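Please look over the sequence and the three-dimensional structure shown next, and then follow the paragraphs below through the pockets, the ligand and the backbone.

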Amino acid sequence: MKIGLFFGSFNPVHIGHLIIANFMATQSDLDRVWLVVSPQNPLKPKKSLARDHDRLHLVRLGIENNPKLRASDVEFNLPQPSYTIDTLTFLKEKHPEHEFVLIMGGDNLATLHLWKNYEQILANYEIYVYNRPNYDLGELAGHGRVTAFEVPPLDISATYIRECIKNGKSVRYLVPEAVWEYLETGSLYR
Ligand code: ATP
């Protein structure tokens, strides 16, 4: 299968993430999209970053019943910090039957040249990039392995959602219903 990898901290997952994941899973040639949850750096725990398994659980709740989407915890067991090239190499070895494609926003593509072994990434993997408002895709937009997609932009972030929760404001409809219910009843981000 051709699988798109969408990396993030998903702290928490929100509909902005899911719109991208679903778009790529249904309007490109990808068969599936995996949402790869980045682990906390054990050496630099961040107070605002929920624990790995909580964020993974929320992603699972958010994509429930969508057979094209999957949550991946592959980076939880890889050496820290996890660089994308290392995760890609690991996945390729573990799943030789699949072809992996990187999904990223135009903001990330513009700075891809600063990533570890970015030439190796471009030499071995396709990148599907979606537009981010106010960001130019940069020089790599014309690269043969880069394909650009126009996805309707949604200007929300996990930071905004965490702020709302902290201030007792509703995040209903900004996150999937099951995620909202979970956040309403628990103590995450309060
Ligand atoms: P935070 O506000 O905590 O930085 P975030 O909402 O940007 O989080 P990440 O987990 O960093 O979420 O996101 C994973 C990927 O999704 C990143 O590459 C990020 O640029 C992208 N992304 C986040 N929000 C949106 C959105 N509303 N539309 C499209 N892409 C998004």
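**Pockets, ligand and backbone**

The lining of the second largest pocket is made up, by class, of four nonpolar, three polar and five charged residues, where Ala, Val, Leu, Ile, Met, Phe, Trp, Tyr, Cys and Pro count as nonpolar, Asp, Glu, Lys and Arg as charged, and the others, Gly among them, as polar. A pocket is defined on a 1 Å grid over the protein atoms alone as an open set of points where a 1.4 Å probe fits, with protein on both sides within 12 Å along at least five of seven lines, and its lining residues have an atom within 4 Å of a point. Among the residues that line the second largest pocket are Lys47, Thr159, Arg162, Glu163 and Arg190, and about 290 Å³ of space lies in this pocket, a volume being the space filled by probe spheres set on the grid points, which are joined across faces, edges and corners.

The model is a predicted one, in which local features need pLDDT of at least 70 and side-chain atom pairs count only at pLDDT 80 or more, whereas totals for chains, interfaces and linings use all residues. Residues are numbered from 1 along each chain as its sequence is written, and side-chain values use heavy atoms, with hydrogens and water left out.

In the largest pocket lies about 1,100 Å³ of space, and its lining has 45 residues, of which Phe7, Gly8, Ser9, Ser38 and Asn108 lie nearest the centre. Two or more residues of this lining come from each of β1, α1, β4 (99-105), α4 and α6, these elements being DSSP runs numbered from the N terminus (helices, H or I, of at least four residues; strands, E, of at least two). By class, the lining of the largest pocket divides into 20 nonpolar, 18 polar and seven charged residues.

Where does the ligand sit? The ligand sits in the largest pocket, which requires that more than half of its atoms lie within 2 Å of the grid points. Two or more residues of the shell around the ligand come from each of β1 (2-8), α1 (15-27), α4 (106-109) and α6 (158-166). There are 19 residues around the ligand, and Phe10, His14, Leu154, Ala158 and Thr159 come nearest, a residue being counted if one of its heavy atoms lies within 4 Å.

Among the polar contacts (pairs of N or O atoms within 3.5 Å), a side-chain N or O atom of Thr159 is 2.5 Å from an oxygen atom of the ligand, and a backbone N or O atom of Leu154 lies 2.7 Å from a ligand nitrogen atom.

The backbone also deserves attention. Most residues other than glycine have a negative phi, and most peptide bonds are trans. Phe10, in the loop between β1 and α1, has a positive phi near 45 degrees. Pro12 has its place in the loop between β1 and α1, and the peptide bond from Asn11 to Pro12 is cis, with omega near 0 degrees.

Notes:
Polar contact = N/O pair within 3.5 Å; in protein donor to acceptor, adjacent residues only side chain to side chain.
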